[in-house]
Every structure is written in structure tokens, then in C-alpha cells.
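Hi everyone, thanks for making time this morning. Let me put the model up on the screen, and then I'll walk you through a few places in it.

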Amino acid sequence: MSIRNASCLCGGIKVEIRGDPSSSNLCHCSSCQKNTASVFGWFAIFEAKQITFTKSEPSLLRTYIDESPESGNVLTRSFCGKCGSTVSSQPLSNLDVLVIPVGIIDGDKTAFNPHSEFYCRGRAEWVPAIKGSKTFERMPPN
């Protein structure tokens, strides 16, 4: 089983990831754009039991309840209170899943090639579709 490390920008929050994600996706919805301060979010989906916060001052880890996603799913978005880096998201409707922003994962990101792109109707026109990924105008059906 592979073990990867991840951290926020300042290093105050460290994460251990065991195993591979069930999927890796891009999201072009307005909520993810605002959360990442970019034109899309790049996320890897894991079972919550695969993720351990290994070094985190409890006072640094903050959580925001995001009721704005276009999907209608309420999310908890956890971030570092010192540097502001998002370190995870979790749908309140499925606490067995933890969503990790790929950008916080250390090292090579090749294993996280996106399988799907969500909310492509919100994709910036200069961002091409990822070759080989499935595209959806909204969130795909379960």
C-alpha cells in the first residue's frame, strides 16, 4: 500500500494518506473556484479511514460549513488557520468520504490524473477539457 504525505503551505498541518484514491476530479463550480482562488478545483476522493492528520496544532485546523455548492450538498471545508490552505472537504451527506486537494499532496501528482470534470458549464473558456476524462455539465448522477 502506498503512503503519501501532504501538508498545508506553512507546514502546520500534516496529513498521511494510505492507498490510492477512488477517483481524482476537477470541479469548475463557482464554490470550488472561490474555495481554491482558481478557475477549478483539483481533488482526490478517499475513504475517510485512509486519511490521518499526523501533525496539527488543534488551534490551527479550522472548519467552514459551505452551504453554497451548486450540487446542493453541504460540505465541511477544513483549512489551516495560519496560512489559509484548504486541507480537506467532506460532504455532510457521506462522512465515510474525505476529499483532499491534490495541490497539498507532496511529490509527483501523476497518479492523480483527473478521471472526471464536473460543472463544465462553468469552465473558463481558455481551459481545455482534460484528455481522457469524462465531462459533465453538472454533478454526475450517483
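Let me start with a question: which residues line the second largest pocket? Before I answer, a word on where this comes from. This is a predicted model, with local features needing pLDDT of at least 70 and side-chain atom pairs counting only at pLDDT 80 or more, while totals for chains, interfaces and linings use all residues. Residues are numbered from 1 along each chain as its sequence is written, and side-chain values use heavy atoms, with hydrogens and water left out.

So, the pocket. Its lining is made by Asn35, Thr36, Trp42, Phe43, Gly84, Ser85, Thr86, Pro101, Val102, Gly103 and Ile104. Helix 1 (30-36) and strand 4 are the elements that give two or more residues to that lining. Helices here are DSSP runs of H or I with at least four residues, strands are runs of E with at least two, and both are numbered from the N terminus. The space inside comes to about 230 Å³, a volume being the space filled by probe spheres set on grid points joined across faces, edges and corners. As for "pocket", on a 1 Å grid over the protein atoms alone, it is an open set of points where a 1.4 Å probe fits, with protein on both sides within 12 Å along at least five of seven lines; lining residues have an atom within 4 Å of a point. By class, the lining has five nonpolar, six polar and no charged residues; Ala, Val, Leu, Ile, Met, Phe, Trp, Tyr, Cys and Pro count as nonpolar, Asp, Glu, Lys and Arg as charged, and the others, Gly among them, as polar.

Ser24 is in strand 3 (residues 23-27), and its side chain joins that of Trp42 in a polar contact of 3.3 Å. That term is for N or O atoms within 3.5 Å, one able to donate a hydrogen and the other to accept it, and residues adjacent in sequence count only if both atoms are side-chain atoms. Is Ser24 buried or exposed? Buried, with a relative accessible area of 0%; the cut-offs are under 20% for buried and over 50% for exposed, with partly exposed in between (1.4 Å probe, protein chains only).

Ser89, in strand 8 (residues 86-91), is another buried serine, at 3%. Its side chain makes a polar contact of 3.4 Å with the side chain of Arg77.

The largest nonpolar core has 17 residues, and Ile13, Ile17, Phe46, Ile51 and Ile100 have the most contacts inside it. Such a core is a set of buried Ala, Val, Leu, Ile, Met, Phe, Trp, Tyr and Cys residues joined through side-chain atoms within 4.5 Å. Strand 2 (13-18), strand 4 (41-47) and strand 9 (97-101) each supply at least two residues, and strand 2 gives the most, with three. A second, separate core of nine residues includes Cys27, Ile45, Val99 and Phe118.

Last stop, the backbone. Most residues other than glycine have a negative phi. Ala37 has a positive one, near 55°, and so does Tyr119, also near 55°. Ala37 is exposed at 75%, whereas Tyr119 is buried at 3%.

Thanks, everyone, and I'm happy to take questions!
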